[in-house]
Amino acid sequence: MSVRGKKVLVLGLSKSGIAAAKFAKKHGADVYLTESADITTKEQSDRAKALEDLGVHVEYGGHSEAFIKKSDFAVTSPGISPRSDIIRKVRAEQIPVISELELAYRECDIPFIIITGTNGKTTTTSLTEHILSKKLRTKACGNIGTPPCSMADENLDYFVCEASSFQLDMSTSLKPYIAVWTNFTPDHIDWHNGLENYFNAKARVFREPQTAKYCVLNAKDPKLLEFSKEVKGKLFMFAQNLGENCCYEENGSIIFKQDGKAEEIIKISDCPLIGEHNYQNIMCSIICAKLTGIDNETIKNAIMEFKAPAHRLEKIAQKDGITFYNDSKATNPEASIVAINSFNNQNVVLIAGGRDKNTDLTEFCQSVNKHITTVILIGEATERFERELRNSGFSNIIKEQTLEDATDKGISLKPDVILLSPACASFDMFNSYEHRGEVFREHVLSRV
């Protein structure tokens, strides 16, 4: 598809919307960007002005009929619900709607490595790009922060793209070179209007007609293990020694096997990331690296020098026998469980709580009982979390008003580990999970 000469409607003055508008305009489209909200800040005003200076038509404070009518297609932003008024209006005009990710895919020849999943996407994307960049021209993009349209004209060998369910749901012809699915747990159910819709959105790039050439799935995830039977692309499983093509842990090493031939890549003791979930992330990255021709020594050395992305089981300090981990990105119980399960036979203080997503806490409580010594609760979810924990038989619970107070209380207990892994959204007390993690980091560093 070429955008040249077409009327392209871009929905939203977001980072991805701006990237799509600039890209389409550069390639000869007549671009109309429509934003529902009023412009209230100088930064927003500057963004709109910069687009107008390029010849993009920009409106805000609503969606006019003139902007929508006779568009050849619309490019939507990940934050816009498929049930929003603007999507309904566009579809009522029989205008195709695609994601910014799909626009980049359709308009350039760079192969995509798509990495999706409920948890682990960012770490896997960052590590994969880190390894591949040792030998190839590649950049991380997508949900990790940089829209692919903003780099689609660069001379690259691969995009390593973190793809959310929102982006994949609106990508109808995206066919990656490699597609990785790290895991599947309930999330974003309201946005997708049901769990099965959430699953199907992520499954798009593993099913015909969009099946990736290579499909990488988690063998320890029951839903994905069952789904692997449907996959038509060349299948690689990870986390268990299954079939002729897989990556798994054996005798303290991570083993890669292709067409039945197995080879050791790295010892677990040499991996800087801890926890079974991170070993699985490493396995995904190894598979991607091997499928793009990276040699074993380069893979091993790149893994050994890699540092975890911020707020994802990130080791931030060690002082007086206490190690502090920032896992603020754990905004649901499933994400916290994988962090909690990373610690065995240690005295661990868990700081949890925030805005409750009201998901089931049974497995969360089981993990706490097995791995955690003390739980310190903060935020709106305190009451329900305390009730569920006590009902599960866990009683060593402390309640604090602020994250700083919770951290200070944790330090006073002199544990081996203080783990911030909230299992909740951050918006009751913070602007974002990043803000929450930075507050924790700054307070810890001020104390140590």
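Helices (H or I, at least four residues) and strands (E, at least two) are DSSP runs, numbered from the N terminus. The structure described here is a predicted model. Under that numbering, P209 falls in the loop between α9 (195-203) and β10 (214-218), and a cis peptide bond with omega of about 5 degrees joins E208 to P209. The chain as a whole contains 17 helices and 20 strands. Its radius of gyration is 23 Å, close to the 22 Å that the globule rule gives for 448 residues, so the chain is as compact as a globular protein of that length.

**Overall form and surface**

- Taken along the principal axes, the C-alpha atoms of the chain fill a box of roughly 65 × 55 × 35 Å.
- Of the 448 residues in the chain, 57% are buried.
- Among contacts in the chain with a separation of 6 or more, 65% are between residues 24 or more positions apart.
- The chain exposes about 18800 Å², and carbon and sulfur atoms supply 44% of that area.

**The second largest pocket**

- The volume of the second largest pocket is about 220 Å³.
- Its lining consists of P272, L273, I274, F306, K307, A308, L313, E314, K315 and Y325.
- By class, the lining residues of this pocket comprise 7 nonpolar, no polar and 3 charged.

**Buried positions and their contacts**

- V8 belongs to strand β1 (residues 7-11). With a relative accessible area of 0%, V8 falls under the 20% limit and therefore counts as buried.
- Not counting residues up to four places away in sequence, V8 touches V3, A24, A29, D30, V31, Y32, F73 and V75.
- V8 and K25 are 17 residues apart in sequence, and their C-alpha atoms are 8.8 Å apart in space.
- S328 sits in the loop between β16 (322-326) and α13 (333-340). Although placed in a loop, S328 is buried, with a relative accessible area of 0%.
- Leaving aside neighbours within four places in sequence, the contacts of S328 are H311, L420, P422, Y433, R436 and G437.

**Helix α15 and its surroundings**

- Helix α15 spans residues 382-391, and T382, R384, F385, E386 and L389 are buried in it.
- These buried residues of α15 pack against α14, β18 (374-377) and β19 (397-399).
- Just after α15, G393 adopts a positive phi of about 100 degrees.

**Positive phi outside glycine**

- D320 is not a glycine, yet its phi is positive, at about 50 degrees. D320 is located in the loop between β15 (314-319) and β16.
- The relative accessible area of D320 is 71%, which is over 50%, so D320 counts as exposed.
- N358 is another residue other than glycine with a positive phi, here near 60 degrees. The loop that holds N358 runs between β17 (348-352) and α14 (362-371).
- N358 is exposed, with a relative accessible area of 60%.

**Further exposed and partly exposed positions**

- P222 is part of helix α10 (residues 222-227) and is exposed, with a relative accessible area of 65%.
- P222 and N183 are separated by 39 residues in sequence and by 9.4 Å in space, C-alpha to C-alpha.
- K134 occupies the loop between α6 (121-132) and β7 (138-142). Its relative accessible area of 40% lies between the 20% and 50% limits, so K134 is classed as partly exposed.
- Beyond its neighbours within four places in sequence, K134 is in contact with T298, A302 and E305.
- K134 and S150 are 16 residues apart in sequence and 22 Å apart in space, C-alpha to C-alpha.

Definitions and conventions:
Residues numbered from 1 in each chain as written. Predicted model: local features only at pLDDT ≥ 70, side-chain atom pairs only at ≥ 80, totals over all residues. Heavy atoms only, no water. 1 Å grid on protein atoms, 1.4 Å probe; cavity = no way out; pocket = protein on both sides within 12 Å on 5 of 7 lines; lining within 4 Å. Points joined across faces, edges and corners; volume = space filled by probe spheres on them. Nonpolar A, V, L, I, M, F, W, Y, C, P; charged D, E, K, R; others polar. Rg over C-alpha atoms; globule rule 2.2 N^0.38 Å. Buried < 20%, exposed > 50% of the residue type's maximum accessible area, 1.4 Å probe, protein only. Contact = heavy atoms within 4.5 Å. Areas by Shrake-Rupley, 256 points an atom, 1.4 Å probe, with all protein chains shown as cover.
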